[in-house]
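Reader: I'd like to learn how to read helix packing in a model. Could you walk me through one?

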Amino acid sequence: MFFALWPDRDVRARLAAQAGESAGRPVAADGYHMTLAFAGAVEADVRCALEAGAAGVSGEAFVCVLDEMTWLGVGDIAALAPSHPPPALLGLAERLQRLVAVATGQVPAHRYRPHVTLARLGARDPRWSPPPSEPVRWAVADYVLCRSRREPPGVYDVLARWPLS
């Protein structure tokens, strides 16, 4: 389970165009998202605590410009990221990560780096360099709580949604 930004159809189409320029196995466009806070597999009571806590997490709507194609070594992925993440995005992620930490007792293992995964590269080819990317402007008006399905992989269910002011 995780909190994320979930793009609309137009943003997904523009991200898919960028994915076509990257190497590796593309991620299905229906699964594009920007993770804000990861909780993992949780019991029903923790899910309820996450949903109740999220209802009290407020934030302002913002525009996120995804303009930097990058390789993230942890998962060997090609991703599109904001070169200058909006403060509203970073603040929202921080508040939701605190909520997850309180509800689950888990502290994030890595520093938060906002991105949308476009393709999985497998083993990185040292000659790979990111293709130029066309900036994708994303007007963010809400965030969601999602869960991953076991089968097929890369498919997610949006469980709840909260608006940003």
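**Reading the helices**

Author: From the N terminus on, the order is β-α-β-β-α-β-β-β-α-β-β-β-β. This is a predicted model, in which local features need pLDDT of at least 70 and side-chain atom pairs count only at pLDDT 80 or more, while totals for chains, interfaces and linings use all residues. Residues are numbered from 1 along each chain as its sequence is written, and side-chain values use heavy atoms, with hydrogens and water left out.

Reader: Which elements have the lowest and the highest mean pLDDT?

Author: pLDDT is the predictor's confidence in each residue, from 0 to 100. Strand β2 (residues 25–26) has the lowest mean, 80, and β1 the highest, 98. The chain averages 89, and 90% of the residues score at least 70.

Reader: How do I describe two packed helices?

Author: You give the angle between their axes and the distance between the axes. Here, the axes of α2 (residues 44–54) and α3 (residues 87–104) come within 10 Å and cross at roughly 150°. Those axes are lines fitted to C-alpha atoms over the stretch in contact, and angles run from 0 to 180 degrees between N-to-C directions.

Reader: Which residues make the contact?

Author: Contact means heavy atoms within 4.5 Å. From α2 you have Val46, Ala49, Leu50, Gly53 and Ala54, and from α3 Leu99, Val100, Ala103 and Thr104.

Reader: Which residues of α2 are buried, and which are exposed?

Author: Buried means under 20% relative accessible area, exposed over 50%, and partly exposed in between (1.4 Å probe, protein chains only). Val46, Leu50 and Ala54 of α2 are buried. Down the axis of α2, these buried residues fall within an arc of 70°, so they line one face of the helix; the arc is that of the directions from the helix axis to the C-beta atoms. In general, an α-helix has 3.6 residues a turn, so residues three or four places apart point the same way. On the other side of α2, Ala44, Asp45 and Ala52 are exposed.

Reader: What covers the buried residues of α2?

Author: The cover includes β1 (2–5), α3, β9 (142–148) and β10 (156–163).

Reader: And which residues are buried in α1?

Author: In α1 (residues 9–19), Val11, Arg12, Leu15, Gln18 and Ala19 are buried.

How values were computed: Helices (H or I, at least four residues) and strands (E, at least two) are DSSP runs, numbered from the N terminus.
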